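Hello,

Here is the structure for you to look over. My notes follow below it.

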Amino acid sequence: MSQALVSQFDVGLFDLDGVCYLGAEAVPFAPEAISEAVTMGLKQAYVTNNASRSPAVVAAQLESLGIPAPADSVVNSAQVGSQMLAEHVASGSKILVLGAQALRDEVTARGLVVVDSADDNPAAVIQGFYPDANWTDLSEAALAIRAGALYVCTNLDATIPRERGLMVGNGSLARAIANSTGVEPLSAGKPEPEIFQIAAKLLNANRPFAIGDNLDTDIQGAVSANVPVLHVLTGLASARDICVAPIHQRPTYLADDLRCLLEPYPDTVVDGETIRVGNASARWTGEDFEVNGEQLTSSPVTLGLNSYRALAQAAWDAADSGVDSETLASALPHLTVSRDHGE
């Protein structure tokens with residue numbers, strides 16, 4: 001309890017969008033927290049599903065925001081997807097690439113030949129996030145897949161967070177091709193475990209942990225890779241989402257932001273039907289939730305950080321005991337978490 005959370009691990013596998021930055025802006029407290037964690041001895045890897053930019057470009061953006069990032073610390077789904085291709089097709093095979101130049105370069109680096117037309121009879125199609133993709137591009141990929149080409153996606157994120165909100169992600173574009181062809185793609189990105197395993201291996205990690213904001217990708221992927229994972233509330237999933245998360249999407253640690261890396265993480269204690277975290281407590285009564293001895297109302301509620309942690313564990317325990325998710329969700333109001341709220 002006296003040591004910072006980060007001191008338990010040797011490598012941090014950081015997500016980017018929603019954890020380190022939102023578009024062109026740093027997430028509050030991220031630069032300072034990551035810099036201090038690195039000073040304390042943590043090696044960092046930035047693990048992203050975005051295949052549209054090279055590791056060097058991503059690293060340069062992070063550095064410009066004050067986040068330490070050697071170029072070799074960035075592991076993206078373009079690298080993992082290209083490696084998957086190399087394991088499935090022969091060297092020198094033709095690959096139709098629907099994606100940015102960074103993805104094309106990764107495919108070429110694996111000894112494969114980039115083509116742009118189904119008429120070239122490609123052995124595989126690989127699709128990465130590409131904002132300039134149009135109907136012609138999607139249709140060309142569909143033609144190749146119908147002709148027998150292997151279909152690989154760098155990731156299947158339905159959305160991608162930007163400064164203005166959630167935009168259309170690679171998975172949504174891939175859905176159009178899958179609907180057209182009836183072929184589901186292999187995925188190189190989160191929530192598949194390979195991207196976490198490859199990133200940890202690159203840094204010779206003995207005690208890695210992941211940091212993410214998205215239940216469907218970051219958290220589920222880390223769980224599937226058997227890597228402890230910290231969830232932060234600076235991106236997609238809300239505190240309420242966390243409380244109703246299924247078992248394969250439950251984080252190991254809960255935080256408001258990356259300042260928690262530098263702080264001791266409290267123990268969770270089960271006291272009969274009550275969950276205690278620090279001075280906070282929560283329990284499921286069978287009909288509703290009580291936090292610190294008070295029933296949650298239907299109005300929006302602000303909780304302290306440890307109250308949130310206790311409530312999430314109480315909700316997970318209730319779900320595991322057989323309470324259906326709709327019942328639990330109906331008992332949970334909109335939740336705001338504030339470390340200034342007090343415990």
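**Strand pairing and surroundings**

Strands E6 and E8 pair in the parallel sense, over four bridges. Strands here are DSSP runs of at least two residues (E), helices runs of at least four (H or I), both numbered from the N terminus. Pairing requires at least two DSSP bridges between the two strands.

The model is predicted: local features need pLDDT of at least 70, side-chain atom pairs count only at pLDDT 80 or more, and totals for chains, interfaces and linings use all residues. Residues are numbered from 1 along each chain as its sequence is written, and side-chain values use heavy atoms, with hydrogens and water left out.

Back to E8. Val-125 in E8 is the bridge partner of Leu-96. E8 also runs parallel to strand E9 (residues 150-153), joined by four bridges. There, Gln-127 stands opposite Cys-153. Ala-124 and Ile-126 point one way from E8 (residues 124-127), Val-125 and Gln-127 the other, and all are buried. Buried means under 20% relative accessible area, exposed over 50%, partly exposed in between (1.4 Å probe, protein chains only).

E8, helix H5 (residues 135-146) and E9 form a right-handed β-α-β unit. Right-handed means that, with the strands pointing away from the viewer, the path from the first strand over the helix to the second runs clockwise.

Next, two loop residues. Ala-100 sits between strand E6 (94-98) and helix H4 (101-109). Ala-100 counts as buried because its relative accessibility is 11%. Beyond four places in sequence, Ala-100 touches Ser-52, Phe-129 and Tyr-130; contact means heavy atoms within 4.5 Å.

Asp-15 lies in the loop between strands E1 (11-14) and E2 (21-22). At 8% relative accessibility, Asp-15 is also buried. Its side chain makes a polar contact with the side chain of Lys-190, at 2.8 Å. (A polar contact is an N or O pair within 3.5 Å; within protein, one atom must be able to donate a hydrogen and the other to accept it, and residues adjacent in sequence count only if both atoms are side-chain atoms.)

Last, the cores. The largest nonpolar core has 80 residues, and Phe-14, Tyr-46 and Leu-311 are among those with the most contacts inside it. Helix H10 (residues 305-320) gives the largest share of this core, nine residues. Apart from it lies another core, of 14 residues, including Leu-98 and Ile-177. A nonpolar core is a set of buried Ala, Val, Leu, Ile, Met, Phe, Trp, Tyr and Cys residues joined through side-chain atoms within 4.5 Å.

Best wishes
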